Amino acid sequence: MSERVNVKKKTPAPGTPETGKTEAGKTETGTKPVEGAVSAAKSEAVLPSLGPVGMLRWAWTQLTSMRTALFLLLLLAVAAVPGSLFPQRPANPAVVTQYIKDHPDYGKVLDALQLYDVYSSAWFSAIYILLFISLIGCVVPRAIVHYKAMRSQPPRTPARLSRLPEYGTLVIPADAGIPASRAIDDAAALLKKRGYRVEVRDRDGARPSLGAERGFLREVGNLVFHTALIGVLVSVAAGGLFGYSGQRILVEGDTFVNTLVGYDQFTPGTNFQSSQLQPYSIQLDKFQITFDRESKGKFGQPIDFKADVTTKENPGAPAEHQVLKVNDPLNLGGTSVYLTGNGYAPVVTVRDAAGNVAMQGPVVAKLQGENYYSSVVIKVPDAKPEQLAFAGFFLPTAFVTPEGVSFSGDPELFNPQLTLNSYYGDLGLDSGSPQNVFELDVKKLTPLNARNLPTKGIVLTPGATHTLPDGKGTISFDGVKRYVGVDIHHNPGQGYALFFALLAVAGLVTSLYVNRRRAWVRAGSHEDGRTMVEYGLLARGEDHRLAGEAAAVRAMLAAAWPLDEHTEATDDSPATDATEETASQPVPSAKADNDRADTALPGAGAEPASPNHPAEDATQPTAGSTESKKDQ
Amino acid sequence: MFPINETMGQYSELFMLLAAGTYTVAFIAFAWDLAKSSKTLRAVDEKAAELSAAQISRVPVGAGVGASGGVVDRAESDVAGPVGRAERPTSSVSGGQAAGAGLTADGGMRYGGERRAPARVAVALAVLGAAIHAAGVITRGFGAGRVPWGNMYEFLTTGAFVAVAVFLLVLIRRDLRFLGTFVIGLAIIMLVAASIAFWTPVGHLVPALQSYWLLIHVSIAVLSSALFTLTFAMSALQLVQSHRQKTVAAGGTDKLGFMRLVPNALSLENLSYRINAIAFVGWTFTLMFGAIWAEKAWGRFWGWDTKEVWTFVIWVVYAGYLHARATRGWTGTRAAWLSIVGYLCVVFNFTIVNQFFNGLHSYSGL
């Protein structure tokens, strides 16, 4: 799962031939151990009997391999796309139903393929679950390997430091009086200060050396990032299990109490219990909208919504005045309350044949078109002797075209008008089956007023009253109030999701910008008394600043043993091609000593036969390139 | 809420026009630089080839590999061998640079000694264009009395400015002038598209956008998109260069002389990886801050809104890119393709999704 997995294998020590790669693949600690197993499994796969356990193991190594993870990741990207092409049920089920109706040829096929529920579909779930299993199968072994690596000492000093991508030598003159052991001690102290973990080897021997490593946080960050992603997924799932959400429409003056009956619509999570609801209350005192009267293109567009509300945390708690706005939800009783909709609610009074008030109050008008052109449905089941119903439109600023089509010219109440048809008969409300309050089924009703009847439709302006034909009653338009739609959400998972997301980002940044580096320093005494020091650096993973690090280490060492150095180290120059030619690594120094490449031989000639002899590095500068030529 | 200043808005549009004009001249200068330099380089190269041919004739045949040849052989050591190895970046960015000498530009992308007058003119013009462009963006902001990225027109004009600004800033450290035609060309396209297809007069924001998260979420999205624009250009050049290097190494003729000004494919890949890594972190923040804002505005932090889906898809594609760089057989060309696909998703997310898909992010202003 990590971008670092195979790096080591592919950046063998410079000039290392092909064989070195496969070895590195098996022995490299930072690599997934399963990789070695993969090659082993592959060689075994030729044999007829792999056995069920072997098959399982094979499947597991396949699943947790980097290649599979990458494939699943890209597949996830592709699989997410259909969700943006087709309407989705969770977003709006009505649109999906309409879509299936509009596309009779393939609408049902898409439904069978779960393309209207992409993100909860079997195939989408399969991809991300496999991806996360693969991720776990990768993170756990890597965490174990890294834990061991963090507890172990830096790797042994390579025989030929000159083969490393960054390499250099320093010569301490004899009169400085710094023996090899002290040079190594100094280097160890300096590298420790620079954040390296250092181990000194063979301090009192002829060729003391040290191994150093830093940047363990890189892999930690990497592991934290991937683990945190699992955390995000679990948090989202937990939110779905224990959360709930609901909607409620509040007309000015209305009060909402957070109980199940208080909601117009309620969607509980799987593990929701009604005891979770804290009975707070919200009263809508006033709702104001500011419309854009400045810009030409967007004249009349709402630019500010502001709801003044009075809230109580509990029925007995003191009332508190608050302002609810878009982008500024209220937080009450563990829930968040959002302003999501608004509209007009004309206030009407309906009297029945006997003159009794059968219905009085605001009627929520449902938005239909531009400038708050809204539909109105009024059901009056209490009217006697027969139930009454009205259906029509509300226009805040009514205009009528020459063709007789009415429209709303402005969102504000400049010329409010209610145009209605009226009906009487059995509304069917007594049967107990639920009805949509915004729709009126007129099939079983008898029309009283309608445009095509001699009675004509009812047109009301505020304060006006219309008398229904046949003495069925009257309807008065008393005034207009505004209403708001609020969404109430409780998602216990989202705080955790945020925490894990932040953790993931921290891990990501760490894994991208902390560099894991190894450094080795070896010292020896020349027979003329000079102390020869050579060092090499190796990056684990991509590290474009390794050359800079080498230069810094060099400068540090040179400053510690006051050596007169050229300021610019050639190691830092982009022209240095360390990987290709070891010969092109001159040793910069103002001192004549340091100008000669062969000064890199601490104690040259003292132990000519030693396989560990640094001399070999300098005397066979082309060895690496020769081998790499063979390799190619 | 600040009042709208339409005069400022008109000035802004004038500045945008002037900026696009200046960029066009800069674009021509960059193209001229490519054409001219490729000619000059070829002439120099031919001379060098003659010289080395003369030298080679003096080298005994028994000298082995070295005798077999000038530029071509050295190029071979760059691309030949197992693909994974040749394409694989090592810690040494300049790796294979010796091999590319003459064939490609300096892998370190540092400024060299030679004077390229057209390139200097082009950069100067680009700086001038960016200054005018900045004035356009700022006056737009003042005209609308808010941050100038509330609709597609503003997002595009500001995004183009950030892309050019990032490019010019990187130029201070690295010689990326070979990208000039690409980046300036894209900026011109963005400005023209903004002015023609997405033009919107200065106006107030809808309430859903009135949040300090607009400042945070969108600015990071613009910056990341600008960085993705740079890496898109580099990845495209990387593919061309990689193909060219292989052709030349195989003994084919070099038909794309102007690509001599472009560094080798490996260096391009390494630098675009570094920029993509920054942009990926930026995009992660875009996604996260978007989720936090969505929670504040719509009551849920993730709802698979079309825009959210595509932001997620882009994130996953670039995550795939980062992983590909560490997967055997997926480095080099394949990774470059992923980077290009990712950028195409960014473009798709901005144009098609904003205009034609229904969703909560319907703020195109059209």
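**Exercise 1. What percentage of the 366 residues in chain B do buried residues make up?**

Solution. The model is a predicted one, in which local features need pLDDT of at least 70 and side-chain atom pairs count only at pLDDT 80 or more, while totals for chains, interfaces and linings use all residues. Residues are numbered from 1 along each chain as its sequence is written, and chains are lettered from A and ligands numbered from 1 in the order in which they are written. A residue is taken as buried if 20 or more other C-beta atoms, placed from the backbone, lie within 10 Å of its own, as exposed if 12 or fewer do, and as partly exposed in between. By this criterion, buried residues make up 54% of the 366 residues in chain B. For chain A, the corresponding share is 40% of 632 residues.

**Exercise 2. Describe the elements of chain B and the confidence assigned to them.**

Solution. Helices (DSSP runs of H or I, at least four residues) and strands (runs of E, at least two) are numbered from the N terminus. Chain B has 11 helices and 0 strands, whereas chain A has 16 helices and 24 strands. The next step concerns pLDDT, the predictor's confidence in each residue on a scale from 0 to 100. Its mean over chain B is 81, with 82% of the residues reaching 70 or more. Over residues 58–101 of chain B the pLDDT is below 50. Where pLDDT is low, the predicted coordinates should not be read in detail. For the complex, the predictor gives an ipTM of 0.81 and a pTM of 0.80.

**Exercise 3. Classify the packing of α8(B) with α11(B), and then that of α5(A) with α9(A).**

Solution. Axes are lines fitted to C-alpha atoms, for helices over the stretch in contact, and angles between N-to-C directions run from 0 to 180 degrees. Angles under 35 degrees count as roughly parallel, over 145 as roughly antiparallel, 65 to 115 as roughly perpendicular and the rest as oblique. The axes of α8(B) (residues 212–249) and α11(B) (residues 333–356) come within 9 Å and cross at roughly 140 degrees, and the two helices are therefore oblique to each other. For α5(A) (residues 66–80) and α9(A) (residues 122–151), the axes are 9 Å apart and the angle is about 150 degrees, which makes this pair roughly antiparallel.

The residues of each contact can then be sorted into nonpolar (Ala, Val, Leu, Ile, Met, Phe, Trp, Tyr, Cys and Pro), charged (Asp, Glu, Lys and Arg) and polar (the others, Gly among them). The contact of α5(A) with α9(A) divides into 14 nonpolar, 2 polar and no charged residues, and that of α8(B) with α11(B) into 8 nonpolar, 8 polar and no charged.

**Exercise 4. Is A:V309 buried or exposed, and which residues does A:V309 touch?**

Solution. A:V309 is found in strand β8 (residues 302–312) of chain A. With 25 other C-beta atoms within 10 Å, A:V309 is buried. Two residues are in contact if their C-beta atoms, placed from the backbone, lie within 7 Å. Not counting residues up to four places away in sequence, A:V309 touches A:I282, A:Q283, A:L284, A:D285, A:Q322 and A:L324. A:D254 is 55 residues from A:V309 in sequence, with a C-alpha to C-alpha distance of 10.0 Å.
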